[in-house]
Amino acid sequence: MAGNNALKEVTTSRPLFLTIYATVIVGILVSSFYVFSAVFSGSNSVSSPWFSSLSPAGDVVRASSPSFNGASNSSHEVVMGSAPNLPSRPKKTPLSPIWKAPPPGSEMPPLETFRLTKELVQQRVKDNVIIVTFGNFAFMDFILTWVKHLSDMGVENFLVGAMDTKLVEALYWKGVPVFDMGSHMSTIDVGWGTPTFHKMGREKVILIDSVLPYGFELLMCDTDMVWLKNPLPYLARFPEADVLTSTDQVSPTVVDDRLDDWKLAGAAYNIGIFHWRPTAPSIKLAREWKELLLSDEKIWDQNGFNDLVRRQLGPPVDEDSGLVYAYDGNLKIGLLPASIFCSGHTYFVQALYQQLKLEPYAVHTTFQYAGTDGKRHRLREAMVFYDPPEYYDAQGGFLTFKPSIPKNLMLEGAHNVDSHFALVNYQMKQIRTALAIASLLGRTLVMPPLWCRLDRLWFGHPGILPGTLTRQPFVCPLDHVFEIHLMLKDLPEEEFGPGINIREYSLFDNPAMSQQVKDSWLDVHLCVPGSKGCELSNGTTQAGILKLPKRSTEETFKTIFSSFKDKKVIQFSSMQEAFLGFTDKKREEKFRKRVKIYPGIWCCVENKTPGHIYYDMYWDEKPGWKALPPQTPEEDHPPF
C-alpha cells in the first residue's frame, strides 16, 4: 500500500517535476553562454580580472585575501559558477629569475622605479611570503652570498633593501631584485654600535612597519647571516605564530627540531632572523616598536624589541606547539631553536647541530670579536661564503704548513687559563714563523686550524659557559685569538714592511678551489743539517718533495725558492725551526712591528677587573712570562 501511494504521488507530480527540470536546464544554458562570451570576447568592457583568473569548470581557485584581520594565510575557495564577492586580483605571473642581468646597452631605470610599494613587493611574493634583507654597499659581498644561498636552493621570493644608491645600481646590474630604502647612507662599513649602526636598526623597524600592512608574511634577515637550508617549510609548521624569532640562547632547551622552550630560554631574542605574519597583534607590535625607537635615539633596536615582547610572557598558547602569548597577551610568539637557527656560538664554537645530529637552517655571525672582517672570515672557515675565483688563486701563490701540537698540550691536565695559553702560545710561535716566510716569499699564508681549551666572551666565565655543549679542546674561530681586522688592514709599508695576506684554514677543502691550483703543489720537508740527504738544493726527490735544512737563512730561502715561483702552493711539513730570521735588520724590525699587533685578548677571568689577558706574539722572548690580567691600569695595554 505504501509503495502504491508513493508511485501515485510521483505520477501525479510529473508535470510539475518536468517544468522545474526544464527551467533549470534553460538557466544553465543561458549562464554558460554568458560566461563563455565574457571569457572569449575581445571587448575590454565585458572581460574582468576575476574571470581571467578562473580555472576550467569544476576546479577550485584559491585567492589570498588582502584582508589580514586575524590569520594572514586566509584563503577563499571559489567554485566555478558562484557569484564572486572578493576583490579582483591579477593573474599571478612567475617570479622573474635571479641573476638575469639587464641586456647590454640598456639604461639604468629612474630611482623612483625602485621605491618600496605593495606592487613592487607583490612581484616577488610566493605563497604570500616575502624574504627581505638590507644593507649598504659595504656589505655587497655579504648580500651576494645571502642571495646565492637562497637562489641555489630554489628560493627566489626575496628582495634586498638598498640603503644607498650605489648598492641599488650594483644589484640591479647583477639581476638581483632590489628596492631603494631612501636612507642615503654612507657606502662604507659603519661598525657595530656606532650611531649609524643604530640608524640602520631603526631603518629595519620602519621597514617591517611598512611591509606588514601589505598583507604578506615577512621573513626579515640581517645580511651577516647565511641560509643553509630552505626555512619556509619549517616556518609553515607554526601557522598560528604571529612572530617567530631567533635568540642568543647558547645552551640547548630542546634536543630536536622543536621550537626552543620559552620557559628555559633566558637569553635575548635576536632580531637578526625573525618571521612576521601580518596579523593585528604583530602589526600593533611593529608600530609600537617603531614609535619607541623614534622617541629615543639611545635605545638599541634589539633591546626595544625584547622589552616590548617580554612585557608579558605566558601562558603557553597550547600544549604542543611551543608558542607562547607575549607582548600584550594576544601576540603568539615562538623561539626558533638555536641548534639549527644558529648563532655564532652554537654554530662556530659548539657545532651544536652536529652534536645533536640535526641539519642547520641558518647561521648568524654573532658572538665574534673582529668586526665585519671577523664575520667574513668565520663564514669562509665554514665554507659558506662566496668569493670570486681570483680569491682562490692568489697572486704569488699560497704558503701552508702542517701544525705540530704535542698531545699533552691538547689533552692532559685541567682546562684552565694556564693550559689554554700554553696550547695557544705553542701554535702562535709556529704561525709567527709562517708569517715571516710568507712575507719573505711574497705568498699568502693559509692559516692553520687553531685549537683552544677555553671559550672567549665579553665577561668573566669559568672557561666554557655552563649548560653549553662546548667541547674541550675545540677548533676555535681565528678571531678568538687574532685581530683579523688588523691582519687585513692596509698598513704603511715604510713602517710595517710588506703586507701579508691570509686565508682561512679550510681553503683547500672548499669546492670553489680549482684543481689546477691544487695540482701545482710543492711539499717541503724539514731535515736536520748534515744528515743524509739534507743538502742545500733546489732539486726534489722522485716523490716531488723538497728537503730543506732546518734553521735556514733568509739568503737560503731566496736562493732555493726562486726556482719554485711557478708553484701555486708550497706546503711545509713543519714550521718548528724552519727559519733562522731576517738578515736585513730593518726588515726584521718592520716585520716585528707588524705582527705584534695581530694577537688579541682572551676574556675573561672571573671576579677580576680587568679580567682580560693579552696574547703576545713574542711571549717566548720574555723570561717568566705568565698569563695574567693587567695588575695596574698602567699595564692594561697590548704588548707593543
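This is a short talk on the disulfides in this structure and on two further cysteines.

Keep in mind that the model is predicted. Taking a disulfide as a pair of cysteine sulfur atoms within 2.5 Å, the count is three. If you number the bonded cysteines of the chain in sequence order, they pair 1-2, 3-4, 5-6.

I'll start with C452 and C476. These two are joined by a disulfide, with an S to S distance of 2.0 Å. The link is right-handed, with 50 degrees about the S-S bond. What does this pair tie together? C452 sits in strand β17, residues 450–452, and C476 sits in strand β18, residues 474–476, so the bond ties together parts that are 24 residues apart in sequence.

Next, C527 and C534. A disulfide joins them as well, and here the S to S distance is 1.9 Å. The link of C527 and C534 is right-handed, at 75 degrees about the S-S bond. Are C527 and C534 buried or exposed? Both are buried.

Then there is the disulfide of C603 and C604, whose sulfur atoms lie 1.6 Å apart. Which hand does the link of C603 and C604 have? It is left-handed, with -90 degrees about the S-S bond. Both C603 and C604 are buried.

Last, the two further cysteines. C221 has a relative accessible area of 0%, so it counts as buried. C342 has a relative accessible area of 1%, so C342 is buried as well. The cut-off for buried is under 20% relative accessible area.

Terms used:
Residues numbered from 1 in each chain as written. Predicted model: local features only at pLDDT ≥ 70, side-chain atom pairs only at ≥ 80, totals over all residues. Heavy atoms only, no water. Helix = DSSP H or I, 4+ residues; strand = E, 2+ residues; numbered from the N terminus. Buried < 20%, exposed > 50% of the residue type's maximum accessible area, 1.4 Å probe, protein only.
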